[in-house]
Amino acid sequence: MIQARDMTPAELAALLAFHAEAGVDWLVEDDPVDRIAAFTAEKAARQVARPAADAPSGNPPARTLAARGAPQSERQPARAQPAQGSALPAIPDENAIAEARFAAESARSLAELKTAIEGFTSCNLKTSARSTITAQGAGTSGIMVIGPMPNADDDREGMAFSGRAGLLLDRMLSAIGQTRESVVISTVIPWRPPGDRMPSGPETAICRPFIERQIALVEPRLVLVLGNFAARFFFGETGTIHALRGKWRDIGAGGHTVPALATLHPQELLAAPASKALAWMDLLAFSERLQTPSNG
């Protein structure tokens with residue numbers, strides 16, 4: 001195996017750029033680290049029944065026991081609710097969805113909802129993300145555009161659909177007489193998953209109240225859904241985007257029902273330019289529906 005010390009600065013720079021584009025978030029350390037065990041230990045430490053200061057004298061704090069790898073039987077009992085304001089990673093549990101729903105329903109505006117999502121600590125996706133992505137845009141056209149989850153460009157810029165995919169989305173909107181300012185753009189998942197992996201079922205369930213509340217607050221006339229993940233999320237089906245695209249369906253959020261049309265994600269169009277013809281057909285259908293006063 002080639003060692004870093006045997007590589008030129010240019011070769012090192014090219015290798016780092018390759019890993020960054022591939023979504024690598026962690027560098028290899030000098031000594032191996034069992035991050036699964038560390039993650040489990042941190043979760044146990046933050047779920048102790050009482051703060052370390054209240055622990056009986058002579059017993060080391062739970063955090064110390066966890067750090068030493070002490071058996072579970074030697075630690076204090078865990079509680080179901082995560083510690084308030086804890087910065088440690090949070091693993092989805094049965095309470096997280098209820099917490100997300102309460103936080104979402106308590107928001108009376110998009111600004112309040114953004115603050116609530118940024119302060120939410122019960123989804124582990126947040127611990128590795130730089131940015132929290134929520135609804136952006138004035139929405140004067142009555143259109144809401146919803147993608148799957150932020151990618152590396154979005155996470156770095158703090159804005160949905162950045163980079164090359166964002167530029168293509170801008171052109172797609174322009175083709176139907178719209179701009180980023182005239183629509184509202186958001187993502188199903190507000191945080192970028194590590195390495196751009198697919199969100200798990202529990203992670204998706206935790207994030208559902210947030211995107212549904214965004215739709216309820218925006219009250220769009222029409223929703224344009226982009227990509228496989230988002231289409232399956234809203235339509236409750238397992239087909240590919242090629243099977244789900246181009247068909248109008250009603251989606252509901254907080255008592256608000258809105259017609260939605262799915263099409264291919266700009267990133268998919270960059271990878272397969274031949275599919276742009278399909279996306280163009282969907283955009284024409286979307287534009288035609290938008291110009292119908294009743295949207296019926």
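How much accessible surface does the protein have, and what share of it belongs to carbon and sulfur atoms? I looked this up first: the surface comes to about 15700 Å², and 56% of it belongs to carbon and sulfur atoms. Such areas come from the Shrake-Rupley method with a 1.4 Å probe; for residues, only the protein chains shown count as cover.

I noted that this is a predicted model, where local features need pLDDT of at least 70, side-chain atom pairs count only at pLDDT 80 or more, and totals for chains, interfaces and linings use all residues. Residues are numbered from 1 along each chain as its sequence is written, and side-chain values use heavy atoms, with hydrogens and water left out.

Next I looked up burial. Of the 296 residues in the protein, 43% are buried (under 20% relative accessible area; exposed is over 50%, partly exposed in between; 1.4 Å probe, protein chains only).

Then I turned to the aromatic rings. I found four aromatic pairs in the structure; rings of Phe, Tyr and Trp (its six-membered ring) pair if their centres lie within 6.5 Å, and planes under 30 degrees apart count as stacked, over 60 as edge-to-face and the rest as tilted. Trp191 and Phe210 are edge-to-face because their ring centres are 6.5 Å apart and their planes stand at 90°. I found Trp191 buried at 0% relative accessibility and Phe210 buried at 1%. Phe233 and Phe234 are also edge-to-face, with centres 5.0 Å apart and planes at 90°. Phe120, Trp191 and Phe210 form one aromatic cluster.

Last, I checked Asn124. Its C-alpha is 9.5 Å from that of Trp191, although 67 residues separate Asn124 and Trp191 in sequence.
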